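The following note sets out points for discussion on the structure shown below. Please read each point with the coordinates open.

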Amino acid sequence: MTTIKLYNTRTRKKEEFVPLDPDNVRMYVCGPTVYDRAHLGNARPVVVFDVLYRLLRQVYGSDHVTYVRNFTDVDDKINARAAETDRQIGDITAETTQWFLDDMGKLGALEPDHMPRATQYIDQMIEMIETLIEKGHAYAAEGHVLFAVDSWKEGYGKLSGRSVDDMIAGARVEVAPYKKNPMDFVLWKPSTADLPGWDSPWGRGRPGWHIECSAMAYELLGESFDIHGGGNDLMFPHHENEIAQSRCAHPEGHFANVWLHNEMLQVEGKKMSKSLGNFFTVHDLLEQGVPGEVIRFVFLSTHYRKPMDWTAEKAVSAEAKLFGFVELIAMYGDLEIARSLAPERAIIDALADDLNTHAALECLSKMNDADSANRLARNIEFLGLYSWSQLERKVSAYRDAKTILRSLEKKLSTLREVALSTKDFSEVDAMKSALQIANVSVRMNKSGISLSPEMGFDPAKLEPLL
Ligand SMILES: [Zn+2]
């Protein structure tokens with residue numbers, strides 16, 4: 001069996017991954033708060049953990065991996081959006097959830113096995129908060145319930161490498177009067193009549209953000225599970241708080257064994273921000289004609305623990321690579337045979353080495369001769385760049401184009417023969433430029449004419465020539 005090694009934030013070491021139960025490898029990843037389109041940075045963890053999910057399924061079997069990613073559908077940002085737009089909260093969250101799934105699907109991300117919504121787990125959250133109060137780790141004050149970090153000083157801050165005392169010293173925030181310690185965080189807070197709320201032992205209210213992940217992970221994966229993932233911006237306070245809640249409510253377990261954090265995304269070397277004008281969503285890029293597989297390819301070209309710099313140049317070069325892959329497969333491959341192959345050992349090994357996706361893409365680039373076409377197709381599918389049905393469409397579109405181009409080769413060569421005798425090349429030149437506009441390369445020499453589709457090939461533009 002393949003040995004997977006992962007860099008564990010908790011131990012700060014690259015370690016051999018040993019699942020608690022190889023028959024059910026369990027992974028939890030923090031999902032989006034659903035009030036707006038996902039920006040490009042939001043998509044990075046989705047692609048990173050999708051690659052890990054695919055690897056785990058390959059190594060342990062697709063029925064032996066449970067992947068949970070939540071939707072945060074109760075949050076003050078959602079409430080604010082509803083108030084601004086005068087829309088129902090449920091409409092906003094349902095619409096944004098679907099947008100997220102559609103956009104991430106276009107990036108080749110498989111849907112997790114469970115996609116729990118926070119609002120469906122309010123009872124479990126209340127139950128966990130009650131347990132924390134009973135065990136002396138939380139207290140109610142002025143309609144709020146707070147987690148008492150002093151009650152778990154030995155564990156709080158371990159993941160992010162901070163001590164409670166340092167955190168207090170560094171805290172410059174205005175501290176709510178009902179907090180015993182400035183670092184105490186909200187488990188439950190009161191809701192006014194115009195805000196979403198649920199009845200609880202502490203009055204009508206709503207959960208704080210962190211408790212949902214603890215409650216849903218416990219419900220769906222148990223008190224101990226294998227992998228917890230997310231962007232490194234979530235490490236503190238979100239993940240630290242998740243650990244505190246879960247470990248204190250269920251001291252019999254240890255919550256997540258391995259913590260994986262992906263680095264952030266930049267755009268053309270700068271932090272993505274609305275004020276710099278370089279902020280865009282996945283949907284924006286797709287609308288601009290950047291295919292989802294190109295976005296995925298660019299993401300995979302950088303290791304997940306390094307900052308990912310999105311550049312227009314990388315997108316163009318990724319598109320050219322993908323076009324070359326499809327061309328090779330269309331010319332020499334057979335997808336029936338490709339489907340029966342196993343993913344390449346070298347690619348599995350690259351991913352098993354702390355998700356070295358860059359090395360995996362290098363392996364693809366080496367499959368560049370006729371004999372490699374089927375292996376190339378198999379591994380493209382394994383890495384999620386194209387699904388089988390996408391590959392089928394791409395390959396048959398390429399082959400159809402070649403058929404059309406063959407008849408155009410004949411037409412162009414007839415025109416050329418006529419032109420050679422009349423010395424009037426205007427029709428030949430007109431056809432050549434029309435072909436170039438459709439992104440067809442034209443090679444003419446004494447032995448004949450050859451036309452090939454190039455990146456950006458548009459068969460619709462050939463119609464006037466037929
Ligand atoms: Zn979370």
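1. Helix α15 is the leading contributor to the lining of the second largest pocket, giving 8 residues. The model is a predicted one, and the remarks below should be read accordingly. Two or more lining residues come from each of the elements α9, α10 and α15.

2. How do the residues lining the second largest pocket divide by class? There are 14 nonpolar, 3 polar and 7 charged residues in that lining. In terms of domains, at least three residues of the lining are drawn from each of domain 2 (267-386) and domain 3 (404-465).

3. Two of the helices that line this pocket, α10 and α15, also pack against one another. The axes of α10 (residues 312-332) and α15 (residues 388-422) come within 9 Å and cross at roughly 75°. The two helices are therefore roughly perpendicular to each other. On the α10 side the contact involves F323, V326, E327, I329, A330 and M331, and these meet L391, K394, V395, Y398 and R399 of α15. By class, this contact contains 8 nonpolar and 3 charged residues, with no polar residues.

4. The chain is divided into domain 1 (5-262), domain 2 (267-386) and domain 3 (404-465). Between the C-alpha centres of domain 1 and domain 3 the distance is 59 Å.

5. The model has 2 cavities of 30 Å³ or more. The largest cavity contains about 80 Å³ of space. Its lining is formed by R44, V47, V48, F299, L300, T302, H303, Y304, L355 and T357. At least two of the lining residues are supplied by each of α1 (40-60) and α9 (292-300), and α1 gives the most, with 3 residues. The class composition of this lining is 6 nonpolar, 3 polar and 1 charged residues.

6. M128, S214, A217, Y218, G222, E223, S246, R247, H250, G253, H254 and F255 line the second largest cavity. Helices α6 (210-221) and α7 (235-249) each contribute at least two residues to this lining, with α6 giving the most, namely 3 residues. By class, the lining divides into 4 nonpolar, 6 polar and 2 charged residues.

7. Most residues other than glycine have a negative phi, and most peptide bonds are trans. Against that background, the peptide bond from F236 to P237 is cis, with omega near 0°. P237 is placed in helix α7, a helix that also supplies at least two residues to the lining of the second largest cavity. D86, which is not a glycine, has a positive phi of about 55°. The location of D86 is the loop between α2 (76-85) and α3 (89-106).

Methods. Residues are numbered from 1 along each chain as its sequence is written. This is a predicted model: local features need pLDDT of at least 70, side-chain atom pairs count only at pLDDT 80 or more; totals for chains, interfaces and linings use all residues. Side-chain values use heavy atoms; hydrogens and water are left out. Axes are lines fitted to C-alpha atoms, for helices over the stretch in contact, and angles run from 0 to 180 degrees between N-to-C directions. Helices (H or I, at least four residues) and strands (E, at least two) are DSSP runs, numbered from the N terminus. Angles under 35 degrees count as roughly parallel, over 145 as roughly antiparallel, 65 to 115 as roughly perpendicular and the rest as oblique. Contact means heavy atoms within 4.5 Å. Ala, Val, Leu, Ile, Met, Phe, Trp, Tyr, Cys and Pro count as nonpolar, Asp, Glu, Lys and Arg as charged, and the others, Gly among them, as polar. On a 1 Å grid over the protein atoms alone, a cavity is a set of points where a 1.4 Å probe fits but cannot get out, and a pocket is an open set with protein on both sides within 12 Å along at least five of seven lines; lining residues have an atom within 4 Å of a point. Grid points are joined across faces, edges and corners, and a volume is the space filled by probe spheres set on the points. Domain bounds come from an automatic or database domain assignment.
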